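Welcome, and please open your viewer. We will take a short walk, one selection at a time.

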Amino acid sequence: MIIAKEKRKSNLAEYILYMWQVEDVIRAYNFDFEKLSSEYLSRFAGDESVRKEIGDWYQNLLVMMEKEGIQTVGHLQFLKNLLADMNEFHLKMLEPGMEPQYAAIYLEMNSLIAELREKMNQPEMPDVEVCMNGLYSFLILRMQKKEINSSTAVSFQRFGQLMGYLSARYLQFEKGDWEFGDGE
């Protein structure tokens, strides 16, 4: 919860990836809050009130996931909405004259995004969702200590750079510190 709050303020892409990881942790504990609490949450630092707040946060997410029927696969609706908002923002940034630097980075990445979309067999998946799913898959592979060839690692580093740029602009826009067409 504390990490999620900080990531939401600082990097939207990292926030979404973190929240997807939290969803998978809840799934790994089969929605058994007692087990999740004793085996996982008990490792978190903090005083009793912080630990209770973290526990309540996880329990609320668990309930939301059950209510939304995503016990085995899928993401919470508020995360899907945020991802859709990011994709709309991405499309707006690609409009002529809106954000030339971002458009140039995207043009370099377009073929990689199309290639990943094809590998995922998701022809209609929006660009941002493709990138985020790719980054999450990369994260999982790294956590599993799977071998990743250098060209794949470089590709995912580039996805991370694109999503990092998008996240930074989105947060600036959200705070009123940036407007479309400002460029740099």
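Start with helix 8 and select Ser155, Phe156, Phe159, Leu162, Met163, Tyr165, Leu166, Ser167, Arg169, Tyr170 and Leu171: these are buried, meaning under 20% relative accessible area with a 1.4 Å probe and protein chains only. Helices here are DSSP runs of H or I with at least four residues, numbered from the N terminus. You are looking at a predicted model, where local features need pLDDT of at least 70, side-chain atom pairs count only at pLDDT 80 or more, and totals for chains, interfaces and linings use all residues. Residues are numbered from 1 along each chain as its sequence is written, and side-chain values use heavy atoms, without hydrogens and water.

Now show the neighbours. The buried residues of helix 8 pack against helix 1 (2-10), helix 2, helix 5 (77-94), helix 6 and helix 7, with contact meaning heavy atoms within 4.5 Å.

Next, step to Gly176, which follows helix 8 and has a positive phi, near 85 degrees.

Then select Leu112, Glu115, Leu116, Lys119, Thr152, Ser155, Phe156 and Phe159, which line the second largest pocket. A pocket is an open set of points on a 1 Å grid over the protein atoms alone, where a 1.4 Å probe fits, with protein on both sides within 12 Å along at least five of seven lines; lining residues have an atom within 4 Å of a point. Helix 6 (100-119) and helix 8 each supply at least two of the lining residues.

Finish at the largest pocket: pick Ala13, Glu14, Leu17, Leu135 and Leu139, which lie nearest its centre among 14 lining residues. Helix 2 gives the largest share of that lining, 5 residues.

Key
Buried < 20%, exposed > 50% of the residue type's maximum accessible area, 1.4 Å probe, protein only.
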